[in-house]
Amino acid sequence: MPWVDACAVDDVDEEDVVRWDHGERTYAIYRSLNNEFYCTDGLCTHEQVHLSGGLVMDYEIECPKHNGLFDYRSGKALRAPVCEDLRTYETKVENGRVMVLV
Ligand code: FES
């Protein structure tokens, strides 16, 4: 499993999320208010909607379609209609770049 350079630290605003496509897959990269970075699968587990269009509040991401809620640190589904957790991926910051273990 390789570490992959996903984006620059500055590409993600604080308390926000961006979409990152790599290979055949799409991911979501989050930056918390404490400047920690997290990565999950990019699509909601309810329907195939990009979470990057959703709203980040604290450590939660709200899906833009039906307002399902996940904790983006653990991927845990927190509010209906989502019941399946998101997959999460380890991240690290190196030389101003966000690296993801895919
Ligand atoms: S598609 Fe995300 S909650 Fe329905």
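How many residues lie between β3 and β4 in the hairpin that the two strands form? In this predicted model, β3 and β4 are separated by 5 residues, and N35 in the turn has a positive phi of about 60 degrees. Strand β4 comprises residues 37–41 and is mostly covered, with 5 of its 5 residues buried. A further antiparallel pairing links β4 to strand β9 (residues 88–89) through 2 bridges, and here T40 stands opposite T88 in β9.

Strands β1, β11 and β10 make up an open sheet of 3 strands, arranged in the order β1-β11-β10 with antiparallel pairing. The edges of this sheet are formed by β1 (3–8) and β10 (91–94), each of which pairs on one side only. On average, and with direction ignored, neighbouring strands of the sheet are turned by 35 degrees against each other. Between β10 and strand β11 (residues 97–101) there are 4 bridges, and the two run antiparallel. T91 stands opposite V100 in β11. In a regular strand, side chains alternate between the two faces of the sheet.

The structure holds 6 aromatic pairs. In one of them, the ring centres of Y30 and Y72 are 4.4 Å apart and the planes lie at 0 degrees, so this pair is classed as stacked. Y30 belongs to strand β3 (residues 25–31), whereas Y72 lies in the loop between β7 (69–71) and β8 (77–79); the pair therefore ties together parts that are 42 residues apart in sequence. Y30 is buried, its relative accessible area being 0%. Y72 is likewise buried, with a relative accessible area of 0%. Y30 and Y72 also belong to one aromatic cluster, which they form with Y38 and Y59.

Charged side chains also meet aromatic rings. The ring of Y59, a member of the cluster, has the charged end of R73 sitting over it, 4.0 Å from the ring centre. In another such contact, the charged end of K92 sits over the ring of W3, at 4.4 Å from its centre.

C7 takes part in no disulfide, and the cysteine sulfur nearest to its own, that of C39, is 9.1 Å away. Seen from C39, the closest cysteine sulfur is in C7, and the separation of 9.1 Å is too far for a bond, because a disulfide requires sulfur atoms within 2.5 Å. C7 counts as buried at 8% relative accessibility, and C39 counts as buried at 1%.

The model was finally compared with the sequence record. An unreviewed UniProt entry carries the annotation "domain: Rieske", which covers residues 4–100. Over residues 4–100, the chain is 0% helix and 47% strand. The C-alpha atoms at the ends of this stretch are 5 Å apart.

Note on methods: Residues numbered from 1 in each chain as written. Predicted model: local features only at pLDDT ≥ 70, side-chain atom pairs only at ≥ 80, totals over all residues. Heavy atoms only, no water. Phe/Tyr/Trp six-rings, centres within 6.5 Å; stacked < 30°, edge-to-face > 60°. Buried < 20%, exposed > 50% of the residue type's maximum accessible area, 1.4 Å probe, protein only. Lys NZ or Arg CZ within 6 Å of the ring centre and 35° of its normal. UniProt positions renumbered as here; feature names shortened; annotations may be inferred. Pairing = 2+ DSSP bridges. Axes fitted to C-alpha atoms, helices over the stretch in contact; angles between N-to-C directions.
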